[in-house]
Amino acid sequence: MNITHSVGIGGVNNRDDVIAVQTALNALSDTLPSMNKLAVDGSLGQTPASSNTVAAIQLFQRDVVGMTNPDGRIDVGGRTQQMINLKLSLLEGASSYALPIPHPSVLLSDQDYQQIAAHLGCEVAAIKAVASVESAGNAFFADWRPKMLFEAHIFSRQTNHQYDSQFPQISSPKWDKSLYLGGEREYQRLAAAMTLNPEAALRSASWGRFQIMGFNSQLCGYGTVKQFVKGMFSSEREHLNAFVGFIQRNNIVRYLVAKNWAAFARAYNGPGYAQNSYDEKMASAYSKFIQRQ
């Protein structure tokens, strides 16, 4: 709900703004059982304080916003407008998108790895090392949903921090390891974020064998993040193809070829790579795969 000026008692009450408020409150009427549907006419009458629209605003402020003394006014960017938009996003998000249905997938073969290694000009062991570190050896959970880790600090950025105060478990101004539930339970956090903003939620998770962030979907060769997630659900070869697209478009194939793990990890995992020893873990995994050849 967008308004340009205040609506309600003491408000500017422009017609288009009043219509926006009336429409939004009608959409949320199921959350306010005692509210009757409003006439969407853009008017608060001669005495706004006695209008049905202001009464509905006060009801929403009392029962949803939690105001002890509802003032019957919606200010641009104020608590009431923010809560109306939050409830509208929950309503929209609940029905606008569903994750793909998981199904058994064909896993990567040695031939897949050899084909891609030849294409990139690197060693098979180097690609396997990255996969091993990023997803601990498996691309899917037991129920065939792709491995996924939801990042609350990314969701906060993707949604301009609007959910930080009300949903701190899934929207955090900074990275907080304690927010992780781990494993399959990360899908619980993703589902909660999807009720607020489905696309931002998908963009705020790392996916599949190579744990690529959803906001990198176009770098991986997908038109939208939803297409990217569909690919992550479809096959492990899609995970590998996405990885190839990502490192090619970021011009970091050369680090994989040279086995410069520090440079690769810095570009792939971000400047905090050393904190999690990604470079050391990849070097160690590479040595193990080379020994098995």
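## Pockets

On a 1 Å grid over the protein atoms alone, a pocket is an open set of points with protein on both sides within 12 Å along at least five of seven lines, and a cavity is a set of points where a 1.4 Å probe fits but cannot get out; lining residues have an atom within 4 Å of a point. The structure is a predicted model, in which local features need pLDDT of at least 70 and side-chain atom pairs count only at pLDDT 80 or more, while totals for chains, interfaces and linings use all residues. Residues are numbered from 1 along each chain as its sequence is written, and side-chain values use heavy atoms, with hydrogens and water left out.

The largest pocket has a volume of about 1,200 Å³, where a volume is the space filled by probe spheres set on the grid points, joined across faces, edges and corners. Its lining comprises 35 residues, and Leu149, Glu151, Tyr180, Asn269 and Tyr278 lie nearest the centre. Two or more lining residues come from each of helix H5 (124–135), strand S3 (148–150), helix H6 (152–158), strand S5 (212–213), helix H12 (261–269) and helix H13 (278–292). Helices (H or I, at least four residues) and strands (E, at least two) are DSSP runs, numbered from the N terminus. By class, the lining of the largest pocket holds 16 nonpolar, twelve polar and seven charged residues; Ala, Val, Leu, Ile, Met, Phe, Trp, Tyr, Cys and Pro count as nonpolar, Asp, Glu, Lys and Arg as charged, and the others, Gly among them, as polar.

Over the whole structure, the search finds one cavity of 30 Å³ or more. The largest cavity holds about 40 Å³ of space and is lined by Glu151, Ala152, His153, Ser172, Lys174, Trp175, Asp176, Leu179, Tyr180 and Arg189. Four of these lining residues are nonpolar, two polar and four charged.

## Aromatic pairs and charges over rings

The whole structure has 15 aromatic pairs. Rings of Phe, Tyr and Trp (its six-membered ring) pair if their centres lie within 6.5 Å; planes under 30 degrees apart count as stacked, over 60 as edge-to-face and the rest as tilted. The ring centres of phenylalanine 246 and tyrosine 268 are 5.5 Å apart and the planes stand at 85°, so this pair is edge-to-face. Phenylalanine 246 belongs to helix H10 (residues 236–249) and tyrosine 268 to helix H12, so that the pair links distant parts of the chain, 22 residues apart.

Tryptophan 261 and tyrosine 286 form a tilted pair, because their ring centres are 5.9 Å apart and their planes lie at 50°. Since tryptophan 261 is in helix H12 and tyrosine 286 in helix H13, the pair ties together parts that are 25 residues apart in sequence. Tryptophan 261 and tyrosine 286 are buried. One aromatic cluster is formed by Phe210, Phe243, Phe246, Trp261, Phe264, Tyr268 and Tyr286.

Lysine 128 lies over the face of tyrosine 113, at 5.3 Å from the ring centre. The charged end of lysine 281 sits over the ring of tyrosine 278, 5.9 Å from the centre. A charge sits over a ring if NZ of Lys or CZ of Arg is within 6 Å of the ring centre and within 35 degrees of the ring normal.

## Nonpolar core

The largest nonpolar core has 84 residues, and Ile127, Trp207 and Phe243 have the most contacts inside it. Such a core is a set of buried Ala, Val, Leu, Ile, Met, Phe, Trp, Tyr and Cys residues joined through side-chain atoms within 4.5 Å. Helix H5 supplies the largest share of this core, eight residues.

## Individual residues

Threonine 4 is placed in the segment before strand S1 (7–8) and is exposed, with a relative accessible area of 54%. The C-alpha atoms of threonine 4 and valine 76 are separated by 6.7 Å, although the two are 72 residues apart along the chain.

Asparagine 13, in the loop between S1 and helix H1 (15–27), has phi near 60°, a positive value in a residue other than glycine. Lysine 259, in the loop between helix H11 (253–258) and H12, has a positive phi near 55°. Lysine 259 is partly exposed, with a relative accessible area of 29%.

Technical notes:
Buried means under 20% relative accessible area, exposed over 50%, partly exposed in between (1.4 Å probe, protein chains only).
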